[in-house]
Amino acid sequence: MTPTLAVVSQNVVNLTYVVAAILFVVGIRLLSSPATARIGNRLSAGGMVLAVAFTILLPEVDSYALIAAGLAVGTGAGVLTARLVKMTAMPQMVAVFNGFGGGAAVIVAFYEYRRLAPDPGALSGDVLGAALFSALVGAITFTGSMLAFAKLQELLPGRPILYRAQQLVNAVLLGATLLVGVVAGIAEETVWMSLLVLLGLVLGVLFVLPIGGADMPVVIAFLNAFSGLSGVGAGFVLDNNALIIGGTLVGASGTFLTILMSRAMNRSLANVFFGAFGAVVAAPGEAVGEADSKTHREITAEDAAVMLAYASRVVIVPGYGLAVAQAQHNVRELADLLERRGVDVKYAIHPVAGRMPGHMNVLLAEANVPYPQLYDMEDVNPEFPRTDVALVIGANDVTNPAARSTADSPIYGMPILDVDRAANVVVLKRSMSPGFAGIENELYYNPKTAMLFGDAKASVENLVTAVKAA
């Protein structure tokens with residue numbers, strides 16, 4: 001006889017699910033502010049612990065050894081990743097977690113379908129539909145997230161990967177997938193469910209393949225929403241209210257975040273997913289010709305340090321270059337030095353700077369940058385005309401004035417940080433190469449802009465040394 005734990009009634013479990021749901025909602029609400037994000041994360045985690053713990057105590061649960069093994073593996077993996085993964089690799093970690101959520105939903109849906117399908121009438125219409133939905137969406141989420149991880153980790157090119165008749169192929173495959181889903185619902189045979197999952201896995205790859213690095217914040221938010229929706233489907237399959245509520249919250253928040261990210265780039269979701277942003281760049285001859293016809297001004301670390309040390313107001317604009325160089329701690333050190341000299345220092349955060357929503361906030365939080373110094377784009381843009389020096393670190397497309405002035409630019413209309421309206425601009429960058437959009441930044445040729453070339457971390461370290469000596 002299988003040993004059992006002391007079980008609780010379904011009513012007690014449902015009441016616990018309500019408490020967990022409240023903790024989820026309050027936790028997500030608190031995540032909206034950096035000042036309360038930590039407590040929000042703890043509340044949400046506490047809600048999940050409650051939901052899992054009381055689900056295990058349900059009378060029908062008896063495979064405690066398997067559950068314990070799963071908890072041990074999951075807990076171990078979570079602790080290791082939390083301690084070992086650097087903050088600069090957080091986008092990759094988020095992508096993997098999204099994928100695992102979708103993959104788990106596929107396993108649940110496939111198992112329940114396979115277990116019940118041979119018994120005619122065992123699967124009610126709503127459960128059958130939920131299983132098919134969860135399997136398809138979860139499969140797309142899994143491979144899409146894994147491909148996003150590969151691009152973020154630079155295992156694959158970050159640019160859009162295109163091939164002939166791509167949209168037609170995707171449309172035909174999507175139609176075939178939906179048809180297979182209908183057949184799987186009618187026939188209730190495992191072979192059709194297996195084919196549906198396989199097609200979903202292929203769709204996930206083809207979905208992310210033509211999306212470039214500039215759109216990764218939108219893609220990650222979208223896949224996060226998909227992982228939540230696949231969880232909702234799994235919740236209906238298992239008749240688990242906590243999973244339904246949690247998945248709905250993730251799906252809704254991910255959807256809203258996707259919309260906000262696309263609005264931050266002034267682009268429709270259709271353009272993000274099907275526009276291959278960054279795939280079309282100027283021909284080599286054109287790029288050289290334009291570069292030769294323009295001039296930029298270079299500056300030394302010592303000269304830049306004098307500008308910063310004797311300024312009254314400085315706005316630091318972090319971008320992906322800061323993340324790659326892992327220079328967030330050095331930037332904090334530089335800001336502290338300037339503040340001790342009486343300089344007013346702010347940080348300008350663009351919503352899509354980096355590779356995931358809130359990427360710059362996460363990096364600066366790791367360096368213990370005070371929350372009040374972080375300003376969103378709408379709040380900081382009015383400050384630039386009163387700013388003595390704007391220090392741009394690796395932020396390219398989100399500072400390009402072409403978004404305001406060049407109608408035929410691929411980023412035209414995208415809200416940007418108005419750094420060109422500061423009295424002086426210092427740009428830390430490796431070279432004059434274009435950003436993800438594949439176009440040159442007009443800011444770099446502005447007479448008030450000075451370029452400090454080199455690795456961002458080394459350049460900031462040089463600035464710290466020079467400010468100390470100023």
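Which residues line the largest cavity? They are R313, V314, V315, D344, K346, E383 and T387; a lining residue has an atom within 4 Å of a cavity point, a cavity being a set of points on a 1 Å grid over the protein atoms alone where a 1.4 Å probe fits but cannot get out. The model is predicted, so local features need pLDDT of at least 70 and side-chain atom pairs count only at pLDDT 80 or more, while totals for chains, interfaces and linings use all residues. Residues are numbered from 1 along each chain as its sequence is written, and side-chain values use heavy atoms, with hydrogens and water left out.

**Cavity**
- The structure holds one cavity of 30 Å³ or more.
- Two elements, β1 (313–318) and β2 (344–349), each give two or more residues to its lining, and β1 supplies the largest share, three residues.
- By class, the lining has four charged residues (Asp, Glu, Lys, Arg), two nonpolar (Ala, Val, Leu, Ile, Met, Phe, Trp, Tyr, Cys, Pro) and one polar (the others, Gly among them).

**Fold and dimensions**
- The protein chain has 18 helices and six strands, taken as DSSP runs (helices H or I, at least four residues; strands E, at least two).
- The C-alpha atoms fill a box of roughly 80 × 50 × 30 Å along the principal axes.

**Burial and contacts**
- Of the 470 residues, 46% are buried, meaning under 20% relative accessible area with a 1.4 Å probe, protein chains only.
- Of contacts (heavy atoms within 4.5 Å) between residues at least 6 apart in sequence, 77% join residues at least 24 apart.

Technical notes. 1 Å grid on protein atoms, 1.4 Å probe; cavity = no way out; pocket = protein on both sides within 12 Å on 5 of 7 lines; lining within 4 Å. Points joined across faces, edges and corners; volume = space filled by probe spheres on them. Buried < 20%, exposed > 50% of the residue type's maximum accessible area, 1.4 Å probe, protein only.
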